[in-house]
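Please examine the structure shown below together with its sequence. The paragraphs that follow lead through the side chains, the sheet and the confidence of the model.

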Amino acid sequence: MAHPAEPLPQDGMLPGVGRVLSCRTEAPDVVTHRIAWDGWEGCAPGQFNMLGLPGLGEVPISVSGGTRTPGEVLHTIRAVGPVSRGLAALKPGAALTMRGPYGRGWPVEAADGAQVTIVAGGLGLAPLRPVIRHFAETARARRVRLVIGARSPADLGFLQDYDDWRGAGIDLALTVDHAPPGWPGRVGVVTDLISAGPGRTVAYVCGPEIMMRVSAMRLQALGVDAGDIFLSLERNMKCGAGLCGHCQLGPVLLCRDGPVLDWARARPLMMVEDL
């Protein structure tokens with residue numbers, strides 16, 4: 001992908017055609033598609049693709065993982081609007097348009113020599129899965145704490161991954177906002193489970209914006225440097241390449257300069273009401 005200061009290649013905005021290979025329901029309105037896309041060579045954790053359906057439009061969807069097969073990618077989609085509902089409803093064999101990857105992802109190298117805290121709220125777990133996979137390979141050499149929050153037990157996605165993450169040495173904590181009788185786990189807000197041990201901690205946070213803001217403030221209060229707290233922000237992305245300006249957040253174009261920003265840069269922007 002071209003550097004933001006350089007012109008995009010001539011075909012940088014042209015979509016390719018992907019085909020759904022399989023679908024897995026994560027929650028009542030959330031599905032993960034395994035998609036074959038000729039020419040797909042992977043991406044950095046936290047980057048996104050523009051997925052579309054002719055006649056409906058495109059939406060930015062974070063890459064939620066890869067597979068062992070070249071040319072395949074995982075995208076997790078919540079059905080919330082016309083395009084995302086259409087994408088979520090696709091069945092194996094269906095085609096869709098795809099272009100990317102775009103954006104600046106999670107700087108996993110920033111955690112070299114540090115403890116790691118990962119905080120996921122709701123569907124924010126999807127773009128964090130590649131980060132978790134990265135640190136699962138080195139978890140035994142450092143402290144990695146993963147905190148996941150959801151509205152209810154039914155909204156906890158990627159359940160098939162939890163045992164693998166624990167087996168890799170990751171300290172996994174779960175909480176839900178509300179639960180039916182008989183739920184054996186914790187009920188409460190995800191920020192109550194955030195902790196930071198002695199020494200330097202690097203944090204990766206994704207979820208609803210208010211949750212990320214409160215989580216970042218909590219981490220900073222625990223002594224984590226603002227430059228070591230990374231958040232993935234979302235705005236109305238249309239082009240994905242910093243050309244249209246729809247995703248502007250103050251001086252930042254999130255599709256180009258983000259979606260991942262450190263808290264030192266994001267805080268003055270996220271504290272402005274309605275920005």
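Are Trp 106 and Tyr 204 buried or exposed? In this predicted model, both Trp 106 and Tyr 204 are buried, because each falls under the cut-off of 20% relative accessible area.

Six strands form a closed barrel in the order E1-E2-E5-E4-E3-E6, and their pairing is antiparallel. From one strand to the next, the twist averages 45°. Strands of a sheet pair through backbone hydrogen bonds, which may run in a parallel or an antiparallel arrangement. Strand E1, covering residues 16-27, pairs with E6 in the antiparallel sense, over 4 bridges. Within that pairing, Gly 18 has Leu 96 of E6 as its bridge partner. Helix H2, which spans residues 125-136, packs on the sheet and touches strand E4 (57-66) and strand E5 (72-78). The direction of H2 makes about 25° with that of E4.

The aromatic side chains come next. The count of aromatic pairs in the model is 6. One of them joins Phe 48 and Tyr 102 in a tilted arrangement, with 5.9 Å centre to centre and 45° between the planes. This pair links distant parts of the chain, since Phe 48 belongs to strand E3 (residues 48-53) and Tyr 102 to strand E6 (residues 95-102), 54 residues apart. Why does Phe 48 count as buried? Phe 48 has a relative accessible area of 3%, and it is therefore buried under the 20% cut-off. Tyr 102 is likewise buried, with a relative accessible area of 3%.

Trp 106 and Tyr 204 form another aromatic pair, this one edge-to-face, with 6.0 Å centre to centre and 80° between the planes. The angle explains the label, because planes over 60 degrees apart count as edge-to-face. Here too the pair links distant parts of the chain: Trp 106 lies in the loop between E6 and strand E7 (115-121), whereas Tyr 204 lies in strand E11 (residues 201-206), 98 residues apart. Ring pairs also extend to Phe 135 and Phe 230, linking them with Trp 106 and Tyr 204 into a cluster.

The mean pLDDT of the protein is 91, and 94% of its residues reach 70 or more. Over residues 1-10, by contrast, the pLDDT is below 50. Beyond near neighbours in sequence, the stretch of residues 1-10 has 13 contacts in the model.

Conventions:
Residues are numbered from 1 along each chain as its sequence is written. Side-chain values use heavy atoms; hydrogens and water are left out. Rings of Phe, Tyr and Trp (its six-membered ring) pair if their centres lie within 6.5 Å; planes under 30 degrees apart count as stacked, over 60 as edge-to-face and the rest as tilted. Helices (H or I, at least four residues) and strands (E, at least two) are DSSP runs, numbered from the N terminus. Buried means under 20% relative accessible area, exposed over 50%, partly exposed in between (1.4 Å probe, protein chains only). Two strands pair if DSSP finds at least two bridges between them. Axes are lines fitted to C-alpha atoms, for helices over the stretch in contact, and angles run from 0 to 180 degrees between N-to-C directions. Contact means heavy atoms within 4.5 Å. pLDDT is the predictor's confidence in each residue, from 0 to 100.
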